[in-house]
Amino acid sequence: MACENCKLRANYEKNPKSLAGRFWRWHINFCPGWKQYFTSLPKEEQNKLREKYNFKKYQ
């Protein structure tokens, strides 16, 4: 899926405080692609991503 290999996500991983990293983190709050990707993952993976990105939506 595109979200796994997203260049903006890679920028966030590399430097969360960069402009691109902050944009990606803000963007996942309403991105339909991220929602589809995230909700398709097993609960364990969702929980890992919730913790890693401090993500609280789609519970």
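Predicted model: local features only at pLDDT ≥ 70, side-chain atom pairs only at ≥ 80, totals over all residues.
Residues are numbered from 1 along each chain as its sequence is written, and side-chain values use heavy atoms, with hydrogens and water left out.

You'll find Arg 9 in helix 1, which covers residues 7–14 (helices are DSSP runs of H or I with at least four residues, numbered from the N terminus). With Tyr 53, Arg 9 makes a side chain to side chain polar contact at 3.0 Å (a pair of N or O atoms within 3.5 Å, one able to donate a hydrogen and the other to accept it; residues adjacent in sequence count only if both atoms are side-chain atoms).

## A buried charge

Is Arg 9 buried or exposed? Arg 9 is buried (under 20% relative accessible area; exposed is over 50% and partly exposed lies in between, using a 1.4 Å probe and protein chains only). Yet Arg 9 has no salt bridge, and the nearest side chain of opposite charge, Glu 13, is 4.2 Å away. A salt bridge needs a side-chain nitrogen of Lys or Arg within 4 Å of a carboxyl oxygen of Asp or Glu. Lys and Arg count as positive, Asp and Glu as negative, while His and the chain ends are not counted.

## Rings next to rings

The structure holds 13 aromatic pairs (rings of Phe, Tyr and Trp, taking Trp's six-membered ring, with centres within 6.5 Å; planes under 30 degrees apart are stacked, over 60 edge-to-face, the rest tilted). Take Trp 26 and Phe 30: their ring centres are 4.8 Å apart and their planes sit at 75°, so this pair is edge-to-face. For Phe 55 and Tyr 58, the centres are 5.7 Å apart and the planes at 55°, so that pair is tilted.

Phe 55 is buried at 2% relative accessible area, while Tyr 58 is partly exposed at 23%. Both belong to one aromatic cluster, together with Tyr 12, Trp 24, Trp 34, Tyr 37, Phe 38 and Tyr 53.

## Cysteines without bonds

How many disulfides are there? The count comes to zero (a disulfide is a pair of cysteine sulfur atoms within 2.5 Å). For Cys 3, the nearest cysteine sulfur belongs to Cys 31, 5.5 Å away. The sulfur of Cys 6 has its closest cysteine sulfur in Cys 3, at 6.6 Å, too far for a bond. Cys 3 is buried at 13% relative accessibility, and Cys 6 is partly exposed at 24%.

How values were computed: Helix = DSSP H or I, 4+ residues; strand = E, 2+ residues; numbered from the N terminus.
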